[in-house]
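Come along and check each entry against the structure.

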Amino acid sequence: MSPDAVAMTNDRGDVQAALRTARELGVPLHVQATGHGTLTSATSGLLINLSSMNDVHIDTERMLATVGPGATWNDVNRASATHGLGSLSGRCATVGVTGYTLGGGSGWLSRTYGYAADSALEAEIVTATGDIVTVDRHRHADLHWAIRGGGGNFGIVTSLTFRLFPARRVFAGMSFYPVERAADIFRAYRDWSLDEPDGMNTAVLLMRLPPAPAIPAAARGRQVVALRAFALCDEREGRNQLDAVLKVAGPALHDGFAERDFAEASAATNGPDAPPMPHRQLVHLFDSVDDDLIDQVVNGEGRAAGAPYAFIELRHWGGAMAETTSDSGPAGHRSTPYSILAVAPYLTPDRSAVDTQVDRLDRLCHSRATGGSFLTLLTRPELTATAFTDRHFGMLREIKSRWDPDDILQPSHHIPPLHTYSSPSHAPSIKTSTEE
């Protein structure tokens, strides 16, 4: 099944015409920017494809970028790095800028400068009625608040302006260590992260690397522990800040840390981009991570016979992401410091073996997690509400009712207007949902 028609748009006028056509014909409307992260299929109606609207403009004096909805972070990082500027880009640079930012966006400088959504200053939006509005903190402030974390539920963004940051040279990269040290390295990382400097952005992963030429020979085709780091400092300072973890980790199979320009650093820290493939992904948020959970995840589920994971990641959040201002958007559970993210590719048509093992890990994590999630990492649309505090989800529903009462816009992470929503009976409660 596929949509009945696809509208390839070149400008905002095309977007208006396509949206109004869908309304007049009474057919389902679907919107695709880059296609990355799509979770629900467009099986009928009209699909608006925005990929041709990929302009990038860098204002070097004001340190701003203005992009079209089809632009990717690769486009932005290449354009901004030549001016010594960096962005709050995603960890995978092929991700589209607008979808990532509207969903919150946690990237390589987020502990330093906050969520990508926090940096969004202005957007041009085609509303559900086909009108064009410009939103910022002074114009249509409710809509400006909602799009900084609430996803594409409130209009079709045709232009987005956001802050850039000085980042001529950064300390960044990914180093690999023998898998036998996994539990010790994860525990050392957890302990070190309690006092992690806000300028440092890190994660530790249990990874199974493919036997690909792009992978360093010493780690190629092996299961390893990976330490990722990204910071606005020189190499000496970066290694000094990581010293407590590096001492426990011991000699590396491959030491990938170095001082780089921003665009190169983003690629070096994430590794080669994988081609699109079907996979299972889960994410859980934690207020704390104890030794027993680490042992069960890393030595148990992560290294069990036939473990299907491309990686299991422990990430420390906090820093600037934990800060709020009077106009902070709804992005993220800001007070939650840790996440566990797992990705398992489906390598054969039979998905049952992968699902069985991932379900087991899901249950293990869920029993200790907060019940919250993060929108751009969440792959289960029925759990969209868990990406927000109860208060913020209620506010988003109210704003949806004002700007799209007919519920024309239904992205994968759909927030219905007030009069159509009922809570899924299987959605987990959120243990920590008091932050505003």
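**Entry: the core.** I looked up the largest nonpolar core of this predicted model; the core holds 45 residues. Which members touch the most other members? I found Trp73, Ile125, Leu143, Phe162 and Phe230.

I then picked Ile125 and listed its contacts, leaving aside neighbours within four places in sequence. Among them are Asp131, Ile132, Val133 and Val135. Leu143 is on the list too, and I had already noted Leu143 as one of the core residues that touch the most other members. Further along the chain, Ile125 also meets Ile147, Gly155, Ile156, Val157 and Thr158.

I also found a second, separate core, with 43 residues. Val179, Leu282, Val289 and Ala369 are included in that one.

**Entry: the whole chain.** How many helices and strands does the protein chain have? I noted 12 helices and 17 strands. Of its 436 residues, 55% are buried.

I checked contacts between residues at least 6 apart in sequence, and 75% of them join residues at least 24 apart.

**Entry: overall form.** The C-alpha trace spans about 65 × 50 × 45 Å along its principal axes. Why do I call the chain a compact globule? With 436 residues, such a globule would have a radius of gyration near 22 Å, and the chain's 21 Å agrees.

**Entry: surface and charge.** I looked up the accessible surface, which comes to about 18,000 Å², and 50% of it belongs to carbon and sulfur atoms. Last, I compared the charges: the mean positions of the 38 positive and 50 negative ones are 3 Å apart.

Note on methods: Residues numbered from 1 in each chain as written. Predicted model: local features only at pLDDT ≥ 70, side-chain atom pairs only at ≥ 80, totals over all residues. Heavy atoms only, no water. Helix = DSSP H or I, 4+ residues; strand = E, 2+ residues; numbered from the N terminus. Rg over C-alpha atoms; globule rule 2.2 N^0.38 Å. Buried < 20%, exposed > 50% of the residue type's maximum accessible area, 1.4 Å probe, protein only. Contact = heavy atoms within 4.5 Å. Areas by Shrake-Rupley, 256 points an atom, 1.4 Å probe, with all protein chains shown as cover. Lys, Arg positive; Asp, Glu negative; His and termini not counted. Charge placed at Lys NZ, Arg CZ, Asp CG, Glu CD. Core = buried A, V, L, I, M, F, W, Y, C linked by side-chain atoms within 4.5 Å.
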